Amino acid sequence: MNRGVKLALLLVLFASACLAPILVTNPARQNFLILAIMSAQLGVAWNILGGYAGQVSFGHAAFFGVGAYTSSLMLIRFGASPWLGMVAGGAAATAFAVLVGWPCFRLRGHYFAIATIAVAEILQVVFTNWRAVGGAVGLTLPIEQEGLKALVFNTSKLPYYYIALGLLVASLLASWLIKESFLGHYFRAIKDEPEAARSVGISLTGYKLVAIAISSFLTAAGGTLYAQKELFIDPASVMATSLSVKIALVSILGGVGSLLGPVLGAAILTGIEEATRQIFGGTGRGTDLILYGLMIIVVAVYYPDGIVGGILSLRERRFFRRPSPGANA
Amino acid sequence: MTFEILLQTLLSGILIGLVYALVAVGLTLIFGVMDIVNFAHGEFLMLGMYASFWMFALYALDPIFTLPITALMLFALGAAVYQSVIRRIISASMLAQVFTTFGLMILLRGIAQFLWKPDFRSIDRSLVSGTVRLGALQFGLPQIAAAAGAVLATLLLGWFLNRTRLGAALEATAADREAAQLMGIPAQRMFTLAWGIGAACAGIAGALLSTFYPVFPEVGGNFILVAFVVVALGGFGSVSGAFLAGIVVGVVEVVGGFLIGPQLKLALVLLLYLLVVLVRPQGLLGRA
Amino acid sequence: MSALLEVRALSKRFGGLLANQEISFAISASEIVGLIGPNGAGKTTLFNCIAGFYPPSEGRVFLDGAEVTGASPEKMARLGVGRTFQLVRTFATMTALENVTVATLIRDKRLPTARRRASAALEFCGLSARAAVPAGGLTVAEQRRLEVARALGLEPRLLLLDEVMAGLNPAEVQEAAALVQKIRARGIACLIVEHVMEGIMPIANRVIVLDYGRKITEGAPDQVRRDPAVIAAYLGEA
C-alpha cells in the first residue's frame with residue numbers, strides 16, 4: 001500500500017470521525033462513540049510501550065488512575081484548571097512510570113508482564129485504603145462551571161467527543177513521529193533482539209524508559225478526560241486490572257506495533273461490548289469476554305501482529321519464517 | 001494472649017499456604033517443562049471449584065469424594081487445551097505465548113460467566129464442615145482438610161516425578177528437551193502430560209477450596225497472582241521450590257495481613273514478588 | 001604498529017568452571033586473527049568477555065591503549081567494536097536496510113544520513129539487492145552477511161566475528177572469506193572465531209589456538225597447522 005493511498009485513507013477516516021457525532025444523534029450511541037475514541041487513544045498510548053518496544057504491560061491502569069486522580073485532586077483542593085491538571089497528571093504518571101520501570105525493565109517478557117500487574121494492583125490497594133484521596137469511596141468532581149475552560153459539558157456530551165478525538169490525534173501523532181524517527185528503529189530492535197541491540201550501542205533500559213515515559217503520559221491524559229466526563233472516580237473504576245487488560249487488548253487485537261491497529265481494535269472491542277450488552281443485557285453475561293478471548297487466541301496463534309498485521313501480510317504476501325526459539329530473549 | 005494469636009495466624013498462614021503451593025506446583029511444572037507461563041491457570045482452579053460445586057448442588061455428592069473426578073476432568077481439560085491451542089504456539093515468540101494464555105484466561109472466564117452467571121456460590125454443608133479446637137487455637141476443618149489434601153496431592157506428584165519412569169521422562173524434558181527427544185522421549189506427549197497434570201493440580205486445589213471459599217467466575221484472578229508470586233519465590237520450574245514458597249507466601253499473607261491490616265494483604269504479597277524477581281530472580285530453588 | 005586490542009592474562013570463571021585461563025594476545029589494525037580450538041575450548045567465552053557481555057574474572061582488556069575491561073556491550077559499540085553472533089541475531093521483523101540503519105544511528109540520529117550509511121554498508125557486503133527484505137526472510141548465509149554489515153555500520157575499528165562461516169557451503173565460505181579480506185583492506189582489525197579451517201586459514205595473518213581454556217599457541221597459519229600441540233589438541237578430542 002503506497003503512501004498516497006495510505007494518506008487518503010487516513011483523511012477519509014479522520015473526516016468521518018469528525019462528522020460521526022453529528023450524524024449520530026442518539027445520546028447513547030454518541031456515548032458509545034466517545035468510549036470508542038477514548039479506548040483507541042489509550043490503546044495507541046499503550047502500543048508505544050507494548051507494541052513498538054515490545055514491553056507488554058498489563059498494568060497501564062496505574063497511569064490512567066494517576067492521571068485521573070492528579071487532575072481531580074488538583075481541581076477539588078486548589079480549583080486548578082483540568083487542562084493544567086491533565087499536564088500535571090501526565091507528569092506525575094511519567095515520574096511514577098520511570099521510577100517503577102527502572103528496576104522492572106531488567107525483567108524479561110512474562111516476568112515483566114506479571115510485575116506490571118503487581119505494581120498496578122499494589123497501587124490500587126494503596127489508593128483504596130488512603131482516606132486522604134477518597135479511599136474506596138472515591139472522589140466526586142465539582143460541577144461549578146461548564147464549558148471548555150472547565151472541561152465539563154452537561155447539556156451535550158459532544159464536546160467530550162471532540163476533545164477525545166483531539167487527544168487521539170495527538171497520541172497518533174506522537175506514535176507516528178516515534179515510528180518515523182530513530183526511536184522507532186531502536187524500539188523495534190529492542191523488541192526483536194535485545195542482546196543484538198546492545199551490541200550496536202543501544203542502552204536497553206534507557207530507551208525502554210523513554211517508551212514508558214511517553215506511553216504513561218498519554219495514558220494519564222486519557223485518565224483526566226475520563227474523570228472530567230464521568231465526574232466521579234474511584235480506585236475500582238480507574239485503577240483496576242480489568243481496565244489494564246482492556247487497554248492492552250485494544251492493541252493486541254487490532255495490531256501490536258502498527259500505527260492504526262489500536263484504533264481498529266478499539267472499534268471492534270467497543271462494538272462487541274455494546275452489541276453483547278444489547279443482546280444479553282447488563283454486562284453481556286460474559287459473551288463479550290468469550291468473543292474477546294476467542295479473538296485474542298486466534299490472533300495470537302495465527303496473526304501475532306494483530307488483525308492489521310494479518311491484513312498487511314495477506315496483501316503484501318510477506319511470509320517469513322520465525323527465527324529459532326533460542327534467538328528470542 | 002498475643003503469642004497465641006500470632007501462633008494462630010502463623011498456622012492459618014501455613015494452612016492456606018499449602019493450598020497456594022498446590023496451585024503453584026501446577027503452574028511451575030508447565031513452565032519447567034516448556035517455558036510457558038500459563039496465565040489461565042487460575043481458571044483451571046475456578047473450573048475445579050465449579051465442578052466440585054455442581055456435583056454437590058445437583059447430586060448431593062461431597063467434594064471430598066468427587067475430588068478424584070474433578071482431578072480427572074481437569075486433567076482431560078488441560079490436555080485438551082494443550083492439543084487444541086498451546087501446541088500451535090510452542091515455537092512462537094514469547095509475546096504470542098503470553099497473549100494466547102491470556103486470551104484463554106478471558107475465554108474461560110467468559111464461559112463461566114455465561115453458563116453460571118456472576119453470582120457467588122458456596123458449599124454450605126460438607127463432610128468437612130465445622131471447626132477444630134486446639135487449646136486456645138481454633139481452625140476451620142475445611143481449611144485443615146484442604147491443607148492436608150494439598151500436601152497429599154503434592155507428595156503424590158513428587159513421588160510421580162521422582163519415582164516413576166514417566167515422571168523421569170517429564171523431568172528430562174524439562175531439563176533438556178532436545179536431549180530427551182534424542183533419547184526417545186516424545187516431547188508432544190510430555191507437553192500434553194504437563195498441561196494435564198498442571199490443570200489437575202489447579203483443579204484439585206479448587207475442589208479443596210470449594211469447601212470454604214466462595215465460587216464465582218472471577219475467583220481465578222485471586223489465586224493466579226498469588227501463584228505467580230509463589231512460583232517466582234520458589235524458582236520458576238522448581239516443584240519443591242513452589243512447595244516451600246507456597247508456605248512462605250501463605251504465612252506472609254496471613255501474618256502480614258494481621259499485622260498491617262487485611263485490606264493490604266494483597267499488596268504485601270505482590271511486593272514480595274517484586275522483591276524476589278528484582279533481588280534474587282532465581283528464587284529459592286530455581287535454575288539460574 | 002601499536003596494538004589496537006590488547007588482552008592481558010584474561011581469565012573467566014563460571015562457578016567452579018574455569019572457561020578461560022590467563023589468555024594474553026594483541027591485535028593490530030588491518031589484521032585478521034583467527035581464534036581456533038576444539039569445542040569447549042572457551043573461544044566464545046573469550047569473545048563475550050572482550051565484547052562486554054560479561055566481565056572477565058581476572059585480567060585486563062585494552063582498546064587503543066585505553067582500558068575497557070568489563071565495559072558494557074553498548075559502550076564497546078560506541079568505542080568502535082562490532083560483533084556478530086554465533087546463532088544469528090538479526091532483527092527479524094526489520095528489513096535488511098533497517099537492520100543496518102539501527103547500527104549506523106549510533107553516530108548520527110538523523111534517519112536519512114543513517115540510511116545512506118547503511119546502504120553503503122549493505123553494498124559493501126553485497127546485500128543491496130535484498131535491502132527491502134525482512135531479515136527473517138533471508139537465507140542463513142545472507143543473514144550472516146547482514147550481521148557483518150550491521151557491525152560495519154558502527155564504523156568499527158575492531159570486528160569480532162563469531163563463527164561467521166558456520167553452516168555455509170564451500171562457495172559461501174569463499175564469499176565470506178573474501179568479505180573479511182575486504183574488511184581488512186579497509187584497516188579494520190578482525191578477530192574471528194572459526195571452525196571452518198578452509199575458510200580462516202588461508203586469510204588469517206595469525207592464528208591463536210585455545211584448548212581447555214588456555215592459549216596453547218599463536219602464530220602464522222602454516223606454523224600453527226604443523227604444531228604438534230595443536231594437532232594433539234584436535235586429535236585428542238576426536
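Predicted model: local features only at pLDDT ≥ 70, side-chain atom pairs only at ≥ 80, totals over all residues.
Q: Which hand does the crossing of H10(B) and H11(B) have, and which residues make the contact?
A: The crossing is right-handed. On the side of H10(B) the contact is made by Val249(B), Val252(B), Glu253(B), Gly256(B), Gly257(B) and Ile260(B), and on the side of H11(B) by Lys265(B), Leu268(B), Val269(B) and Leu272(B).

Q: What makes up the contact of H10(B) with H11(B) by class?
A: The contact has 6 nonpolar, 2 polar and 2 charged residues; Gly counts as polar, whereas Glu and Lys count as charged.

Q: How do you know which strands are the edges of the open sheet in chain C?
A: The sheet has 6 strands in the order E6-E7-E8-E3-E9-E10 (chain C), with mixed pairing. Strand E6 (81-83) and strand E10 (214-219) of chain C each pair on one side only, and these are the edge strands. From one strand to the next, the twist averages 15°.

Q: What makes E6(C) and strand E7 (residues 158-162) of chain C a pair?
A: Strands pair if there are at least two bridges between them, and 3 bridges join E6(C) to E7(C), with the two strands running parallel. In one of these strands, E7(C), Leu160(C) is the bridge partner of Arg83(C).

Q: Where does helix H6 (residues 170-185) of chain C lie?
A: H6(C) lies across strand E3 (32-36), E7 and strand E8 (189-193) of chain C, and runs at about 150° to E8(C).

Q: Which chains have the most contacts, and how far apart are chains B and C?
A: Among the 2 pairs of chains that touch, the most contacts are between chains A and B, whereas chain B and chain C do not touch, their nearest C-alpha atoms being 12 Å apart.

Q: Which element gives the most to the side of chain A that touches chain B?
A: The contact takes 36 residues from chain A and 35 residues from chain B. On the chain A side, helix H5 (109-128) and helix H13 (287-302) are the elements that give two or more residues, and H5(A) gives the most, with 13 residues. The residues of that side divide into 23 nonpolar, 9 polar and 4 charged.

Terms used. Residues numbered from 1 in each chain as written. Chains lettered and ligands numbered in written order. Left-handed = near helix turned anticlockwise from the far one by under 90°. Helix = DSSP H or I, 4+ residues; strand = E, 2+ residues; numbered from the N terminus. Contact = placed C-beta atoms within 7 Å. Axes fitted to C-alpha atoms, helices over the stretch in contact; angles between N-to-C directions.
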